[in-house]
Amino acid sequence: MVEVTIPVRWRDVDNYGHVNNAVYLNYLEEARDRWVLETLGPTVDFVIVRIAIDYRRELSQGDDEVIVSCRGVGYGTSSIHTAERIVARAGWLAAESASVIVAHDADARSSRPLTAHERATLDRAIAAD
């Protein structure tokens with residue numbers, strides 16, 4: 001699992017005075033990208049194919065920063081399933097999400113099967129979380 005601390009920036013807040021729902025996606029992406037980098041390394045390309053977010057509580061600029069976590073929860077032939085959380089600095093849950101990413105072959109512009117090495121690495125990472 002990785003945790004990333006992200007400041008709530010002025011540009012993140014909309015006219016309603018809360019962090020815009022689309023910005024939650026950016027927060028989640030930062031943690032997910034870091035998890036993939038730390039788990040599988042810098043040479044693995046991936047694309048997101050699914051994300052589901054449950055918004056639990058609004059964030060505002062007054063919350064100052066959030067802690068976003070990401071962990072692997074499973075994988076398929078080419079897909080990796082992750083679970084993410086956004087928690088306010090005060091400790092309460094702002095959002096939970098489930099994502100599916102797929103290993104990507106940039107030359108073929110399509111998904112590719114996970115390698116045996118990637119599967120073994122994911123097994124270790126998922127067991128550690």
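## Helix H1

In this predicted model, helix H1 has 20 residues. At 1.5 Å a residue, H1 should span 28 Å. Its end C-alpha atoms lie 29 Å apart, so the span agrees with expectation.

Which residues of H1 are buried? They are Val23, Tyr24, Tyr27, Leu28, Ala31, Arg32, Trp35, Val36, Thr39 and Leu40. An α-helix has 3.6 residues a turn, so residues three or four places apart point the same way. The buried residues of H1 pack against strands S1, S2, S3, S4 and S5, and against helix H2.

## The nonpolar core

The largest nonpolar core holds 30 residues. Tyr27, Trp35, Leu59, Val66, Val68 and Ile86 have the most contacts inside it. Several elements each give two or more residues to this core: strands S1 (2–7), S3 (65–75), S4 (79–88) and S5 (93–105), plus helices H1 (21–40) and H2 (116–128). Which element gives the largest share? H1 does, with eight residues.

## A patch on the surface

Now turn to the outside. Leu25, Ile48 and Ile51 form a nonpolar patch on the surface. Together they have about 210 Å² of accessible area.

Ile51 sits in strand S2 (residues 46–55). Why does Ile51 count as partly exposed? Its relative accessible area is 31%, and partly exposed covers the range between under 20% (buried) and over 50% (exposed).

Notes:
Residues are numbered from 1 along each chain as its sequence is written. This is a predicted model: local features need pLDDT of at least 70, side-chain atom pairs count only at pLDDT 80 or more; totals for chains, interfaces and linings use all residues. Side-chain values use heavy atoms; hydrogens and water are left out. Patches are made of residues with over 30% relative accessible area and no salt bridge: like charges are joined within 9 Å, nonpolar side chains (Val, Leu, Ile, Met, Phe, Trp, Tyr) within 5 Å. Accessible areas come from the Shrake-Rupley method with a 1.4 Å probe; for residues, only the protein chains shown count as cover. A salt bridge is a side-chain nitrogen of Lys or Arg within 4 Å of a carboxyl oxygen of Asp or Glu. Helices (H or I, at least four residues) and strands (E, at least two) are DSSP runs, numbered from the N terminus. Buried means under 20% relative accessible area, exposed over 50%, partly exposed in between (1.4 Å probe, protein chains only). A nonpolar core is a set of buried Ala, Val, Leu, Ile, Met, Phe, Trp, Tyr and Cys residues joined through side-chain atoms within 4.5 Å. The expected span of a helix is 1.5 Å times one less than its number of residues. Contact means heavy atoms within 4.5 Å.
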